[in-house]
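Here are some notes for a first reading of this model. Please keep the structure open beside them.

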Amino acid sequence: MEKKLTLEALARMVEGELSGDPALEIFGFGPLDSAGPGDITFLVNAAYLEQAVGSGATAILVGKNIDIEADNVVRVDDAYLASAIIQNYFLKQPFKTGGIHASAVIGKNCSLGREITIGAQVAIGDRVTLGEQVEICAGTVIGDDVTIGDGCTIRANVTIERGCELGRRVIIHPGCVIGGDGYGYATDKRGVHVKRPQLGTVRIGDDVEIGANSCVDRATFGMTWIKSGTKIDNLVQVAHNVVVGENSLLVAQVGISGSTTLGRNVVLGGQTGTVGHISIGDGTMVAGKSAVHGNQPAGARLCGVPAIDGKQWFKCVTVFSRLPDLLKDVKRLKKEIAHLQEQDESTHKEG
Amino acid sequence: MEKKLTLEALARMVEGELSGDPALEIFGFGPLDSAGPGDITFLVNAAYLEQAVGSGATAILVGKNIDIEADNVVRVDDAYLASAIIQNYFLKQPFKTGGIHASAVIGKNCSLGREITIGAQVAIGDRVTLGEQVEICAGTVIGDDVTIGDGCTIRANVTIERGCELGRRVIIHPGCVIGGDGYGYATDKRGVHVKRPQLGTVRIGDDVEIGANSCVDRATFGMTWIKSGTKIDNLVQVAHNVVVGENSLLVAQVGISGSTTLGRNVVLGGQTGTVGHISIGDGTMVAGKSAVHGNQPAGARLCGVPAIDGKQWFKCVTVFSRLPDLLKDVKRLKKEIAHLQEQDESTHKEG
Amino acid sequence: MEKKLTLEALARMVEGELSGDPALEIFGFGPLDSAGPGDITFLVNAAYLEQAVGSGATAILVGKNIDIEADNVVRVDDAYLASAIIQNYFLKQPFKTGGIHASAVIGKNCSLGREITIGAQVAIGDRVTLGEQVEICAGTVIGDDVTIGDGCTIRANVTIERGCELGRRVIIHPGCVIGGDGYGYATDKRGVHVKRPQLGTVRIGDDVEIGANSCVDRATFGMTWIKSGTKIDNLVQVAHNVVVGENSLLVAQVGISGSTTLGRNVVLGGQTGTVGHISIGDGTMVAGKSAVHGNQPAGARLCGVPAIDGKQWFKCVTVFSRLPDLLKDVKRLKKEIAHLQEQDESTHKEG
């Protein structure tokens, strides 16, 4: 289904300032090197200014920080954001109801929306609820009593274990495991680990996206909870009873230990870990490869193992890389002081 | 199937001291906030003492370190352990033989226990042996010549490659890969990597549990071996020819390089790594995010990259976070000493 | 199909020096502890010299650095490389065309080689191209418009998303996800993350091997590109628009952030990470557990977080582990200098 939008409507959609012909029709969005007539392209880096002006695009979306002379320009505060909004507008297609593939297996007493697509080789348990416009891709396995809200996309080879609950418009990428058992044992006097039953579930809010091969464990009791708007990258580990606040970002290979709570809009950089049973305040940002060892106030900026204030950490690692010199300096100082002390003693003796 | 136990029998089961009515019947186990009449609940943190006393539970399981006044109390050394034992008692159900789902594919010359459950969309190779009371969940793929012992649960979308051997009561969580090729290459003069065939297998002992999306590679020759009682969390990497001793714990996102041997009751914290070809002694504990670079004696307590004695590491990182001050101090000392040296010289000249 | 080779032919195959009977026939390759008559075995460590001489093997492959007296010996520069070449010769079997399993689902308008094997429970989308001698193992899901070249092996439960392109002789291990969406969002003023469409693909060159449960994300625009000969271990994350040069090695649990470019023959040790949008030169080697924060010239040897010159890093961590002593030294120096300053003042007063 082809879409179009006047430049005026498009500028309004992204709260931009238009210079050019407001009635011009735009039919698509393209990057600098492939945009053609009818397209709008976007420029975020002044280094590509000539390429933008020379591109075949009908209009250019540009950040207000960049000076550009062209016939049709839409100026915005954040060209990345505006381009994402425009792209999504042009790419959005009505849901294609594919129905249930002949090879899919559906359990008993399920409640399925009328408009759904269930792919080949899918296995769905009993008493599963799927909302409207849900797509379950090939090879995915969904346990008993799972609820999946309207507009969700569950990609291929995903596993969602029994009783987990997904909100609306959630995207789960291939290979994810939602609701696997939490890692909990009690150890007896012989060193044998007795499994603590993991009886809780996982709740995932609206508009959450979870990257490929990530894992969100079910709670021991109660629930592990990923709140609305949070985006999780690939190969991330979320342990039992963790709560992740709204609109947080967990970059690839992050690991969050059990019962830790993250606030809203927390950002954990790639390969960062946290210990369990701590609380990380709203808006905290932790650089990649860090390890958070204790509670953190809202708005903290952290780095390192254990994570400390990010600016302080950068100063510390700068000194770290010069430690051999520092050691030498201190050794020399020791000698010099020893020498001075000798001199001093002899002076005083002399004195 | 409902279960019940007198308070006396229950106290005996966990080697606890009973105060209260030994003939009282207990029908279940519940956490503080949901336990009701007929339940036993448990208390591990004195902060929740009032909630425990006020809960609707018929009896309370409590660590000996906590003073509590209530009608029916079972006092134990380790309330976590005792509660795990009691919960497992109440939750344990007889194995439900589900048979083989119509969509499952079973190879030739397999030997399957009489009581088994094989889920939808499963693919099992040739000459596979499954013991009694084995459950293979939907979407799992089992290669030729695999042996799986009595009481194992292989959850959804797992892959077990050819020839691997699992003991009894092993639990493999979704997305695991057991027996993928080890990572081994020889590099020629042009920098081209020639694959070294990975001809060994994986052996997994009894009562091992492996978390979601973890990987245990097959050996180059011989076997990679996870010994009985070891518990592995999610997204863990165990390379070829690794041996993990009994009752060890590998927390999420740990990586163990090829041919490394771990003793019994070793604990590796989350995101820890080890180099290859080393030996880590019995009972060694390594804090999360560490990297073990060399052989370790039994009972070591390690932390850091490279891992050193844990107590020493904590002292070192404390100084690390003050390195800029230390640097300033040394700079000032240099100046002061230079000044003293000048004074000294002039004194001696004067002298 | 049994194979044989004269010792002369075998020596020629690995550019080795033969001492012994050139006409002897060799039928296989075995490790020291299991090689028997008709086999060649190999020795890389002089500690096992007696075992090698005493083994039942007909011939011994040995590095030139080891002195050995035996009847039939092939001496080579690199015994690992030579043994890999010989093993591969003996193990290589003609491709077994298994055809398409009855339970597999194949989409419309696919182009499949004549000699292929498609396993049970496989789901293949529309317009997929599979070359000759391709094996797709059980449970794997291949999206629309994917192209897979001659001689590729895609193991079980893999997901290859729409439009990705694999070269020849690529091996993808179980659980991998190729072409999942890149992790890209633009954030509005309320802190809500707007998904940036991920419209590119993944291209994988010839002779690439990717370990279990690894992820290679599709590009935002254009392509993520793993060039020929690169070998990737398990649980590795390759983000959108990354380019990995020829014959590189990414060890387990490595993470490469978006738009970073690696040269040829780069080696990243286990659990290493890189930030995005940097360039790492040919032949760079980064030790495990490091984090690369900036562009790197060819041939760099790096270690640490952030990664610095490896030799320097080792010196620095040595000092790090003695930081508490260094701090004490500096404190004592401060006191001693203060004392000297007092003395000095009094001397000068006295003077």
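1. Basis. This is a predicted model, in which local features need pLDDT of at least 70, side-chain atom pairs count only at pLDDT 80 or more, and totals for chains, interfaces and linings use all residues. Residues are numbered from 1 along each chain as its sequence is written, while chains are lettered from A and ligands numbered from 1 in the order in which they are written.

2. Confidence. pLDDT is the predictor's confidence in each residue, from 0 to 100. Chain A has a mean pLDDT of 95, and 98% of its residues reach 70 or more. For the model, ipTM is 0.96 and pTM is 0.96.

3. Domains of chain A. Domain 1 (5–91), domain 2 (158–311) and domain 3 (321–351) are assigned in chain A; such bounds come from an automatic or database domain assignment. Between the C-alpha centres of domain 1 and domain 3 of chain A the distance is 67 Å.

4. Strand β7 of chain A. Helices (H or I, at least four residues) and strands (E, at least two) are DSSP runs, numbered from the N terminus. Two strands pair if DSSP finds at least two bridges between them. β7(A) runs antiparallel to strand β2 (residues 17–19) of chain A, with three bridges, and V73(A) in β7(A) is the bridge partner of S19(A). β7(A) also runs parallel to strand β6 (residues 59–63) of chain A, with four bridges; here V76(A) is the partner of G63(A). Which residues of β7 (residues 73–76) of chain A point one way, and which the other? V73(A) and R75(A) point one way, V74(A) and V76(A) the other, and all are buried. Buried means 20 or more other C-beta atoms within 10 Å of the residue's own, with C-beta atoms placed from the backbone (exposed is 12 or fewer, partly exposed is in between).

5. The residue E209(A). E209(A) belongs to strand β25 (residues 209–210) of chain A. E209(A) counts as buried because 20 other C-beta atoms lie within 10 Å. V170(A) is 39 residues from E209(A) in sequence, but 5.7 Å away in space, C-alpha to C-alpha. Apart from neighbours within four places in sequence, E209(A) is in contact with I171(A), K231(A), I232(A) and K195(C). Contact means that the C-beta atoms of two residues, placed from the backbone, lie within 7 Å.

6. A sheet in chain C. Twelve strands of chain C form an open sheet with mixed pairing, in the order β8-β11-β14-β17-β20-β25-β28-β31-β34-β37-β39-β40. β8 (99–100) and β40 (308–309) of chain C are at the edges with a single partner strand each, so one side of each has no neighbour in the sheet. Within the sheet, β17 (residues 153–154) and β20 (residues 171–172) of chain C are parallel and joined by two bridges. I172(C) in β20(C) stands opposite I154(C).

7. Where chain C meets chain B. This contact takes 52 residues from chain C and 53 residues from chain B. The largest share of the side of chain C, eleven residues, comes from α5(C). That side divides into 22 nonpolar, 23 polar and seven charged residues. Nonpolar covers Ala, Val, Leu, Ile, Met, Phe, Trp, Tyr, Cys and Pro; charged covers Asp, Glu, Lys and Arg; the others, Gly among them, are polar.
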